[in-house]
Amino acid sequence: MGFELESTYEPRGDQGRAIEALTRSLATGNRHQTLLGVTGSGKTFTMANVIRDTGKPTLIMSHNKTLAAQLYSEFKQFFPNNAVEYFVSYFDYYQPEAYIPRSDTYIEKDSSINEEIERLRLSAVSSLLTRRDTIIVASVSCIYGLASPDDFLQMLVTIRPGEQLSREAFLSRIVEMLYERNDIEFARGRFRVRGDVVEVFPAQNEDEAVRVEFFGDEIERISLVDPLTGHVGGTLKTFTLFPAKQFVTPHDKLRGALAGIRSELEERVASFERDGKLLEAQRIRMRTEFDLEMMQEMGFCSGIENYSRHLSGRPPGSRPYTLLDFLPEDHLVLIDESHATVPQIGAMYSGDRSRKSVLVEHGFRLPSALDNRPLNFGEFMQMANQLVYVSATPGKFEIANSVVGNTAWIENAENKFGEGGVDWTRFSDAVEPLDVTTSGMPLVVPQIIRPTGLLDPVITVRPLKAQIDETIELCRRRIEVGERVLITTLTKRTAEDLADYLREIGLKVRYLHSDIDTIERVEILRTLRSGDCDVLVGINLLREGLDLPEVSLVCILDADKEGYLRSKTSLIQTSGRAARHENGEVVLFADTVTTSMKALLEISTARRKRQDAHNKQHGIVPKSVVRAVQESLHVVIKGAETHAGSLREDPSVSFDAAGLIAELERDMAEAAARLEYERAALLRDQIAELKSGTAPDGMALPSGRRKASYPKPSRKKRG
């Protein structure tokens, strides 16, 4: 089955040319190509068209969960008839196991697994094994270890009506696949037995269970059933059941793995004892013996991933199996926001190695735990088939790999900047684009023309003297015409002080930095878009994916302080926040023009020239992006409070707090299912307030019901 792209609009601007160029480049077998798409140019739609035209199973990588969820939602809309899957870390929070020798502090692994995300991960693996029209949207967690694809395939069970298979043999097999029996609470990854009828809730299914009816030692019927009502949805001619966990090992292989772990344990204990480290020897023996007993009796143990090398039968030092091992050989990898994602891929290995080396050295883990790790960068690049880097500011790595051997591109760059003086971090935006050559050389594909016809924002440089006074005047001009402003500073203290000062002189202003809770950040951005706030002051407002169409002015204070926050990439990304408004402008306050500022000015001038020429040629009038503002959840709650107040005024009506809580819980579950985590979390907080009795007067809990106490969530490291 091919990819069926459904969309109400056609490629516009540079999209058509970019789609054709990338498709032709991939068809010729090029391994590296870069889509250099400016902010607001519709890169996601271009990616969707490339996937449809190439027809390859695709992995789309993003550098964080939030952007991955956004991409997943968009691609689900583009490809409703294909398998679009979501693969990110399944921890709601995650505190990794660690040891601090200096203070003799051991930090035990602490985590909370999100069952819905675990289901989606299993669904992703299942789709890759059963169909080619699969798109996986993943975070960088996809380079971490999974079970061997061969073991996963070996553990599959395919059943058919009329097949000779006893009920006992079937139950034994699904237990080996780590399904748990529970006749009372029927949920994903569990089964229940009633006489000759076995009902299994497949781990990758969302709302359908499977009923298997036996007649003697023969399967009589297989049906889909509703796990809640038991209503039969239809019969099946065949069904394939996948394992309930991501780490599964066939029973015969598990026995060999246990023997290998025990052998390594004895060697490690002997090594510690020779070195006089008796505490470490006792520690590693106690911990490993407990894990061995759990695996022998239950087939699973906490931290089983640390024994993955033995369980998968890999030699010492070999790379782990990952999601990439489940992809077909001719797969396609799209790396979104590659300037952030590529460095993240490269950084994972070293951090993991450093932490686990300390655990191994002090007897908390066997040396084989070091082989439970993410891929290093070389291994990832070796496994990835064809890659498309997608970014408005691709890094040196992406550009260099995409133009290697393309002599025409390099010569064009040298003519632009002088022979021998090519700055790989600068010239990618300024050099004129190239068509895909007939020889099929790798290339960078620019996507500069926006479908809306909007130009890059105008960039002006003003002196540092009186930068605050000038910023205030610029803000007032924009506010008068109903537009919004972003201001970037260099420190949190400066952002807070500036926000306080602007508030004192009568401006509606908020500040935003890393100390602000994630949920509150979302609400602050919503207030900016809705007009409850006109000015937003922050440190690093260049976050990829920050979509604020109402912002027409970005003021960058102290722009000549060269560094991470004022690098070329940061300046381009920050300037892009004003690129969705027809009156977009960026003001740089600086006394000197730095190298990064010069690059930004050159790139912006070249882009505006090309965009303006295209608009004049095609008679396009630029129009600001118009997008609905999401309703605040506080408004929803206030609406409920108002309704409650009107009910209280009527003595004949009693307010039902439990009913409101139940309604909010349903909304929270729906939001979580749609991967709208911020909305779900805010609803959770409102439910907690209602249950703890801190809700408005008159919203008391039903008589006789005990008020629950909800402590504030701990500040754990997010997974």
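Colleague: Thanks! What percentage of the residues of the chain count as buried?
Modeller: Of the 719 residues, 51% count as buried. Keep in mind that this is a predicted model.

Colleague: Noted. And how many helices and strands are there in the chain?
Modeller: The chain has 22 helices and 25 strands. Looking at contacts with a separation of 6 or more, 74% are between residues 24 or more positions apart.

Colleague: Let's talk about the inside. Which residues touch the most other members in the largest nonpolar core?
Modeller: That would be Leu59, Phe170 and Phe380, in a core of 57 residues. Helix H4, residues 115-130, supplies the largest share of this core, with 4 residues.

Colleague: What does phenylalanine 380 touch?
Modeller: Setting aside residues up to four places away in sequence, Phe380 touches Met61, Ile143, Leu324, Ile335, Ile345, Leu375 and Leu387. There is also a second, separate core of 36 residues, and Ala21, Leu22, Phe91 and Leu443 are among them.

Colleague: Switching to helix packing: at what angle do H2 and H3 cross?
Modeller: Roughly 50°, with the axes of H2 (residues 43-54) and H3 (residues 65-78) coming within 11 Å. The two helices are therefore oblique to each other, and their crossing is right-handed.

Colleague: Which residues meet there?
Modeller: From H2, Thr44, Phe45, Met47, Ala48 and Ile51 meet Leu71, Glu74, Phe75 and Phe78 of H3. By class, this contact has 7 nonpolar, 1 polar and 1 charged residues.

Colleague: How about H18 and H19, what is the angle there?
Modeller: H18 (residues 568-575) packs on H19 (residues 595-618) at about 45°, and the axes are 8 Å apart. That angle makes H18 oblique to H19. The crossing of H18 and H19 is right-handed.

Colleague: And which residues in H18 and H19 meet?
Modeller: Lys568, Leu571, Ile572 and Ser575 in H18 meet Ser596, Met597, Ala599, Leu600, Ile603 and Arg607 in H19. The classes here are 6 nonpolar, 2 polar and 2 charged residues.

Colleague: Why does threonine 39 count as buried?
Modeller: Because its relative accessibility is 10%, and buried means under 20%. Apart from neighbours within four places in sequence, Thr39 is in contact with Ala392, Arg450, Gly576, Arg577, Ala579 and Arg580.

Colleague: Great, thanks for the tour!

Definitions and conventions:
Residues are numbered from 1 along each chain as its sequence is written. This is a predicted model: local features need pLDDT of at least 70, side-chain atom pairs count only at pLDDT 80 or more; totals for chains, interfaces and linings use all residues. Side-chain values use heavy atoms; hydrogens and water are left out. Axes are lines fitted to C-alpha atoms, for helices over the stretch in contact, and angles run from 0 to 180 degrees between N-to-C directions. Angles under 35 degrees count as roughly parallel, over 145 as roughly antiparallel, 65 to 115 as roughly perpendicular and the rest as oblique. A crossing is left-handed if the near helix is turned anticlockwise from the far one by less than a right angle, and right-handed if clockwise. Contact means heavy atoms within 4.5 Å. Ala, Val, Leu, Ile, Met, Phe, Trp, Tyr, Cys and Pro count as nonpolar, Asp, Glu, Lys and Arg as charged, and the others, Gly among them, as polar. A nonpolar core is a set of buried Ala, Val, Leu, Ile, Met, Phe, Trp, Tyr and Cys residues joined through side-chain atoms within 4.5 Å. Buried means under 20% relative accessible area, exposed over 50%, partly exposed in between (1.4 Å probe, protein chains only).
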